[in-house]
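Please examine the sequence and the structure shown here. The paragraphs that follow lead from a pocket in the protein to the ligand placed in it.

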Amino acid sequence: MAIGSKLPHVGTTIFTVMSRMASEEGAINLSQGFPGFGADPVLLELVGKYTRDGYNQYPPMSGIPQLRRRLAEKTELTQIYFPDPETEVTIVSGATEALFSAVTAVVRPGDEVVLLEPAYDSYEPAVTLNGGVPVYVPLNAEDFSVDWERVEKALSPKTRLIMVNSPHNPSGYVWTEEDIDSLATLVRDRDIYLVSDEVYEHITFDGRKHISLGSHPELRNKTFVCGSFGKTFHVTGWKIGYCIAPSDMTVEFRKIHQFLTFTTVTPIQYALAEYLEEPNRYLSIPAFYQSKRDLFAGGLTRTGLIFTPARGSFFQLASYGHLSQIGDRELAERMTRRLKVACIPVSVFYSDRRDDKFIRFCFAKEEAELFEALERLQGLPEIL
Ligand code: PMP
Ligand code: GLN
């Protein structure tokens, strides 16, 4: 009996493929995005404490009240609005679940969903599995900002949803106030929802501030804001995230969450609620990552690659088209096998696998590892 795949075009994600190759080759893994350092021991200790104290059974479906409240307070402090913890905040098992549940809550068969490319790989399958039709709009080639005219041209009466991601993976672009205003103008008087992937909300550079779509009074009424504690507190394996959305949208969101995972790991929710009492624990993150971005971007200037220092996220994009025309997958493989530094070929973030000769590095690593990787990348001319 053949299963008749619902996702015939989907294989193993590039993040898994490159991480596996990095491990086989003993390469420094700057491919898949995850921190190469541990979390704050205080947070680890809190998880230990809550597991030992018996917080190990199902929590409330929408998340424990303490954590929802802390998250609302964090949102008020950083984004100047206070979502109702009871009706507008839901704790889920990672941003991937938040994105999937939000898309599932609104997309019906035949609905069109605008995806800005390059796009994170989980968006399209979420749309397709719900019978939605992805409509792709490329970001501007120079800096990966949004081409608002192209977005407008892509809209139709069938457009149900626009997926947004800032700080952006893979480009590191951070939306400006003008971007947010342009989006607000575009969706005004249109029945279009927004899913805003803000997992890198606390990783911005050079004094830039992340502006959540939730902070815009008009957009807030149409947006599912999706976040990830894994990204913010260097614990990607914990798979815990959240969704903030208006109460009517949250009702529908929770119906999906309820039957997708039902609840999210209890002791970690208690630990995070206590940990979030001290705002400096997230307010200090930009400075922490800024020194890594500066170190990595500084070293990259000696490799011959061309790049604009990332404005946000923990990814640095670099282009090599002026040095060689080999495919980006081929280059990523050669770098991993011969230079022993793994990266991600950016063509995988495009639906048509368009290859503009960009590779992506994750610089969420210890300084010594970044120095070593930069040293090895000096050998780039030998493999091109
Ligand atoms: N969105 C983006 C842009 C990401 O880079 C990631 C990476 N992990 C996710 C969502 C998923 O987050 P989580 O691990 O919390 O599911
Ligand atoms: N978000 C991570 C990245 O972009 C990977 C997460 C995953 O492996 N799915 O590298």
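**The pocket and its ligand**

The lining of the largest pocket is made up of 20 nonpolar, 16 polar and nine charged residues. The model is a predicted one. In this model, the largest pocket has a volume of about 1000 Å³. It is lined by 45 residues, and those closest to its centre are Thr-13, Phe-15, Tyr-120, Asp-121 and Ser-122. Several elements give two or more residues to this lining: α1 (14-25), α4, β3 (112-117), α5 (123-129) and α8 (229-232). Among these elements, α1 gives the most, with four residues.

What takes up space in the largest pocket? Ligand 1 does. Around ligand 1 there are 13 residues, of which the closest are Thr-96, Asp-197, Tyr-200, Lys-231 and Lys-239. Sorted by class, this shell has five nonpolar, five polar and three charged residues. The element that gives the most to the shell is helix α4 (residues 95-106), with three residues.

Individual atoms may now be considered. Asp-197, one of the closest residues, has an N or O atom in its side chain that is 2.6 Å from a nitrogen atom of ligand 1. A polar side-chain atom of Asn-169 lies 2.8 Å from an oxygen atom of the ligand. In the case of Ala-95, a polar backbone atom is 2.8 Å from an oxygen atom of ligand 1. On its own, ligand 1 has 390 Å² of accessible area, and the protein covers 92% of that area.

Technical notes: Residues are numbered from 1 along each chain as its sequence is written. Chains are lettered from A and ligands numbered from 1 in the order in which they are written. This is a predicted model: local features need pLDDT of at least 70, side-chain atom pairs count only at pLDDT 80 or more; totals for chains, interfaces and linings use all residues. Side-chain values use heavy atoms; hydrogens and water are left out. A residue is near a molecule or strand if one of its heavy atoms lies within 4 Å of it. A polar contact is a pair of N or O atoms within 3.5 Å; within protein, one must be able to donate a hydrogen and the other to accept it, and residues adjacent in sequence count only if both atoms are side-chain atoms. Accessible areas come from the Shrake-Rupley method with a 1.4 Å probe; for residues, only the protein chains shown count as cover. On a 1 Å grid over the protein atoms alone, a cavity is a set of points where a 1.4 Å probe fits but cannot get out, and a pocket is an open set with protein on both sides within 12 Å along at least five of seven lines; lining residues have an atom within 4 Å of a point. A molecule sits in a cavity or pocket if more than half of its atoms lie within 2 Å of its grid points. Ala, Val, Leu, Ile, Met, Phe, Trp, Tyr, Cys and Pro count as nonpolar, Asp, Glu, Lys and Arg as charged, and the others, Gly among them, as polar. Grid points are joined across faces, edges and corners, and a volume is the space filled by probe spheres set on the points.
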